[in-house]
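Please walk through this fold with me, strand by strand.

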Amino acid sequence: MATATQHVQEQLASGGIDATILRHGIVRDFRAEHAAAALAAPHRVLFWRDPTIRNGADVAVAAFDRLAPLFPDDSFDLAVRPHWDPIDVDEVANAHPNVHVHRFPYAEGVTLSGLLLESICVVMPIRHMYIDTQMVIAETLAAG
């Protein structure tokens, strides 16, 4: 079991459940995490979040579909994690060689820090503001 706070960890422990604290990205130093690995020059437009309508993944997919042919030297990446109500993100990736889908857990050599640090732009067309989306914005800004 994993949790983001010590309070929840203690509550779980009181019920006999062992939990590890995993901090949100805002307390992570993405540059330090990636210090040993080589980075390419920024060349990516990135959407990272659940691939849902609520998070605006449909807007990102539509934008990537229109922009990818106009900017063939740039990469348009969707870094998504499993969700119970996802939209189809594979169709746009199959239609354009410079659109890529990265699913968490990411393939060998792909990291969120690398994706963020190599991005020229992060797309966040979020329809409903709540704490998780505020964290994504803060984490993205913290990555520079």
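**Strands at the centre**

E3 and E4 pair in the parallel sense over 6 bridges; two strands count as paired if DSSP finds at least two bridges between them. The chain crosses from E3 through H3 to E4, and this β-α-β crossover is right-handed. Right-handed here has a viewing rule: with the strands pointing away from the viewer, the path from the first strand over the helix to the second runs clockwise.

This is a predicted model, in which local features need pLDDT of at least 70 and side-chain atom pairs count only at pLDDT 80 or more, while totals for chains, interfaces and linings use all residues. Residues are numbered from 1 along each chain as its sequence is written, and side-chain values use heavy atoms, with hydrogens and water left out.

Now the overall layout. The protein has 6 helices and 6 strands. These elements are DSSP runs numbered from the N terminus: helices are H or I of at least four residues, strands are E of at least two. From the N terminus on, the order is β-α-β-α-β-α-β-α-β-α-β-α. Of the contacts with a separation of 6 or more, 66% are between residues 24 or more positions apart; a contact means heavy atoms within 4.5 Å.

**Around E3**

How many of the residues of E3 are buried? The count is 6 of its 6. Buried means under 20% relative accessible area, exposed means over 50%, and partly exposed lies in between, with a 1.4 Å probe and protein chains only. Arg44, Leu46 and Trp48 point one way from the strand. Val45, Phe47 and Arg49 point the other way. In the protein, buried residues make up 35% of the 144 residues. The exposed surface comes to about 8,600 Å², and carbon and sulfur atoms supply 57% of it. Such areas come from the Shrake-Rupley method with a 1.4 Å probe; for residues, only the protein chains shown count as cover.

E3 also pairs with E6, in the parallel sense over 3 bridges. There the bridge partner of Arg44 is Ser119. E4, in turn, pairs with strand E5 (residues 99–103) in the parallel sense over 5 bridges. Asp77 stands opposite His100 in E5. E4, H4 and E5 make a right-handed β-α-β unit.

**Charged pairs**

Side chains of opposite charge can pair when their charged atoms come close. A salt bridge is a side-chain nitrogen of Lys or Arg within 4 Å of a carboxyl oxygen of Asp or Glu. The whole structure holds 5 salt bridges.

One of them joins Arg44 and Asp77, at 2.9 Å from N to O. Arg44 lies in strand E3 (residues 44–49) and Asp77 in strand E4 (residues 75–80), so the bridge ties together parts that are 33 residues apart in sequence. Arg44 is buried at 8% relative accessibility. Asp77 is buried too, with a relative accessible area of 2%.

Another joins Arg81 and Asp50, at 2.5 Å from N to O. Arg81 sits in the loop between E4 and helix H4 (90–95), and Asp50 in the loop between E3 and helix H3 (57–67), so this pair ties together parts 31 residues apart in sequence. Arg81 is partly exposed at 35% relative accessibility. Asp50 is buried at 9%.

Asp58 and Arg127 form a salt bridge as well, with the closest N and O atoms 2.8 Å apart. Asp58 is in helix H3, and Arg127 is in the loop between strand E6 (119–122) and helix H6 (131–142), 69 residues away. Asp58 is partly exposed at 27% relative accessibility. Arg127 is partly exposed at 42%. Shared partners also join Arg44, Asp77 and Glu118 into one salt-bridge network.

Most peptide bonds are trans. Which bond is a cis peptide bond here? The bond joining Phe104 and Pro105 is cis, with omega about 0 degrees. Pro105 is found in the loop between E5 and helix H5 (112–117).

Aromatic pairs number 2. Rings of Phe, Tyr and Trp (its six-membered ring) pair if their centres lie within 6.5 Å; planes under 30 degrees apart count as stacked, over 60 as edge-to-face and the rest as tilted. Phe104 and Tyr106 form an edge-to-face pair, 5.4 Å centre to centre, with 85 degrees between the planes.
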